[in-house]
Amino acid sequence: MADDDTEAEAESTTETTAEREDETEAVDDVTIDVEAIDEYEQRIEELSTAVEERDETIEELRSVVEEQSEQIDKLENQFLDLSARVADGRNLGVCPECNGPTEKKERLFRSDTIECTRCGEVIHTY
């Protein structure tokens, strides 16, 4: 009977030690998971900041492209107008604003200009 009691105590001690080890491992696993979650959340914040910066950069680039497109259109119109005047040979062309006739105005003290006779827009200054 004493042997049975000793064996029972040894088994319960072994079971208690095994349970404590399991609990310790579980606590360690929870600690690692919390650290992993913190690292994951930090990474999410970094990525969201990077996405916001990228969106801002995209918007800035879009506005630059729009401005440049407007400038390109304006320069293209002026180029076509200058090409038409050169082809005409009489320095006459078409106003890009109102499609009215243009003519070269020679001035004595100021720069010569090409102006629209209809709206007065200065197309080119020499």
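Confidence in the protein chain is lowest in strand S1, at a mean of 74, and highest in S3, at 82. The score here is pLDDT, the predictor's confidence in each residue, from 0 to 100. Across the protein chain the mean pLDDT is 77, and 66% of residues reach 70 or more. This is a predicted model, in which local features need pLDDT of at least 70, side-chain atom pairs count only at pLDDT 80 or more, and totals for chains, interfaces and linings use all residues. Residues are numbered from 1 along each chain as its sequence is written, and side-chain values use heavy atoms, leaving out hydrogens and water.

Now the sheet. Strands are DSSP runs (E, at least two residues), numbered from the N terminus. Two of them pair if DSSP finds at least two bridges between them. Here 4 strands form an open sheet in the order S1-S2-S3-S4, and the pairing is antiparallel. S1 (93-94) and S4 (122-125) are the edge strands; each has a single partner, so one side of each lacks a neighbour in the sheet. S3 (residues 113-116) pairs with S4 over 3 bridges, in the antiparallel sense. In S4, histidine 124 stands opposite isoleucine 114.

Next, the cysteines. A disulfide is a pair of cysteine sulfur atoms within 2.5 Å. The count by this rule is 0. Cysteine 98 is in no disulfide; its nearest cysteine sulfur, in cysteine 116, is 3.4 Å away. For cysteine 119, the closest cysteine sulfur is also in cysteine 116, at 3.6 Å, too far for a bond.

How accessible are these residues? Partly exposed lies between buried (under 20% relative accessible area) and exposed (over 50%), using a 1.4 Å probe and protein chains only. Cysteine 98 is partly exposed, at 26%. Cysteine 119 is partly exposed too, at 43%.
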